[in-house]
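User: Hey, I've got a structure to go through and I'm new to this. Can you walk me through it?
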Amino acid sequence: MEWLSIVAAIMSFCYASIGLGLGFAKVVENGMIKGSIEGVSASNTADKIWLVFQALGDIAFAYPYSLILLEIQDTLKAPPPENKTMKKASMSAILITTFFYLCCGCFGYAAFGDDTPGNLLTGFGFFEPYWLIDFANACIILHLVGGYQVYSQPVFAFVERWVTRKFPNSGFVNKFYTLKLPLLPAFQMNLLRICFRTTYVISTTGIALIFPYFNQVLGVLGALNFWPLAIYFPVEMYLVQKKIGAWTRMWIILRTFSLVCLLVSIITLVGSVEGIISAKLS
């Protein structure tokens with residue numbers, strides 16, 4: 001997983017830099033900045049509000065690493081303490097990703113205005129140079145394959161631990177077989193892992209094909225994951241760990257913060273679902 005994460009990170013830097021560069025070049029080619037400070041235009045106020053809600057969902061989806069934060073921290077070696085290392089890594093990751101998100105988003109909008117595609121590289125925003133676009137799309141594929149593996153590991157581990165506890169005497173669940181293929185090192189094979197992980201990949205891929213609306217689906221996923229995983233559980237754990245009493249100033253601040261984020265997640269979910277329905281009907 002270590003080398004896979006490194007490759008995925010390099011691919012991410014590559015296609016993000018290409019998108020940023022092409023966006024900047026397109027603005028220079030146009031000789032003007034398209035769009036406006038008000039954002040994408042809409043026919044009425046209601047449609048504009050739905051678009052804002054969808055955008056909030058996309059932003060929430062942009063920072064989903066809470067799913068694997070604890071898994072990463074669990075692999076760190078001490079000293080220094082794991083939490084201090086993770087705090088520095090998280091801060092660096094947020095700053096770097098935010099920089100690329102803002103640059104790609106702003107330059108993409110400046111280049112295309114209201115016609116900006118949901119994905120600059122795969123949404124046919126750019127057509128030339130072809131070889132650079134193809135290379136960027138290849139980087140996207142490698143990044144998604146690596147990211148899919150990394151983000152799936154906690155799901156795999158949780159399900160497999162649960163099934164192992166549920167059926168401790170099952171050979172299908174617990175027995176490992178050693179396989180040796182020509183020119184490859186021997187590896188351990190487990191029937192449960194093969195069946196469950198294959199079914200998981202097929203089902204998630206099938207669901208993704210059913211919903212081909214890029215931004216709207218990202219908004220739904222962001223709304224569903226953002227509050228419980230990135231806000232509620234961390235806040236609750238912090239309150240318990242620091243033994244913060246009820247109705248103290250810090251308790252009120254954290255509870256208010258959690259409530260506001262919950263409201264944002266709800267309106268984001270509603271807006272994104274409306275976007276999927278509208279895209280389907282149109």
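Predicted model: local features only at pLDDT ≥ 70, side-chain atom pairs only at ≥ 80, totals over all residues.

User: Okay, what secondary structure does the chain have?
Analyst: The chain has nine helices and two strands. Starting at the N terminus, the order is α-α-α-α-α-α-β-β-α-α-α.

User: And what does the C-alpha trace span along its principal axes?
Analyst: About 65 × 60 × 45 Å. The chain has 282 residues, and 26% of them are buried. Looking at contacts with a separation of 6 or more, 66% are between residues 24 or more positions apart.

User: Which residues does UniProt list as "transmembrane region"?
Analyst: The UniProt entry, which is unreviewed, lists residues 49-70, 91-110, 130-151, 194-214, 220-240 and 252-273. In the model, residues 91-110 are 100% helix and 0% strand, with the end C-alpha atoms 28 Å apart. Residues 130-151 are also 100% helix and 0% strand, and there the end C-alpha atoms lie 31 Å apart.

User: Let's zoom in on α2. What span should it have, and what does the model give?
Analyst: Helix α2 covers residues 45-61, so 17 residues, and at 1.5 Å a residue it should span 24 Å. Its end C-alpha atoms are 25 Å apart, which agrees.

User: Which residues of α2 are buried?
Analyst: Those are F53, Q54, G57 and A60. If you look down the axis of α2, the buried residues fall within an arc of 115°, so they line one face of the helix.

User: What's on the face turned away from the buried side?
Analyst: That face of α2 carries the exposed residues T45 and I59.

User: What caps the N-terminal end of α2?
Analyst: N44 does: one of its side-chain oxygens lies 3.2 Å from the backbone nitrogen of A46.

User: Switching topic: how many aromatic pairs does the structure hold?
Analyst: Eleven. Take F13 and F100: their ring centres are 5.6 Å apart and their planes sit at 75°, so the pair is edge-to-face. This pair links distant parts of the chain, since F13 is in helix α1 (residues 2-30) and F100 is in helix α4 (residues 82-112), 87 residues apart.

User: Are those two buried or exposed?
Analyst: F13 is partly exposed, because its relative accessibility is 41%. F100 has a relative accessible area of 15%, so F100 counts as buried.

User: What is M32 in contact with?
Analyst: Setting aside neighbours within four places in sequence, M32 is in contact with V27 and A110. The C-alpha atoms of M32 and A111 are separated by 8.2 Å, although the two residues are 79 residues apart along the chain.

Methods:
Residues numbered from 1 in each chain as written. Heavy atoms only, no water. UniProt positions renumbered as here; feature names shortened; annotations may be inferred. Helix = DSSP H or I, 4+ residues; strand = E, 2+ residues; numbered from the N terminus. Expected span 1.5 Å × (residues − 1). Buried < 20%, exposed > 50% of the residue type's maximum accessible area, 1.4 Å probe, protein only. Arc of directions from axis to C-beta. Polar contact = N/O pair within 3.5 Å; in protein donor to acceptor, adjacent residues only side chain to side chain. Phe/Tyr/Trp six-rings, centres within 6.5 Å; stacked < 30°, edge-to-face > 60°. Contact = heavy atoms within 4.5 Å.
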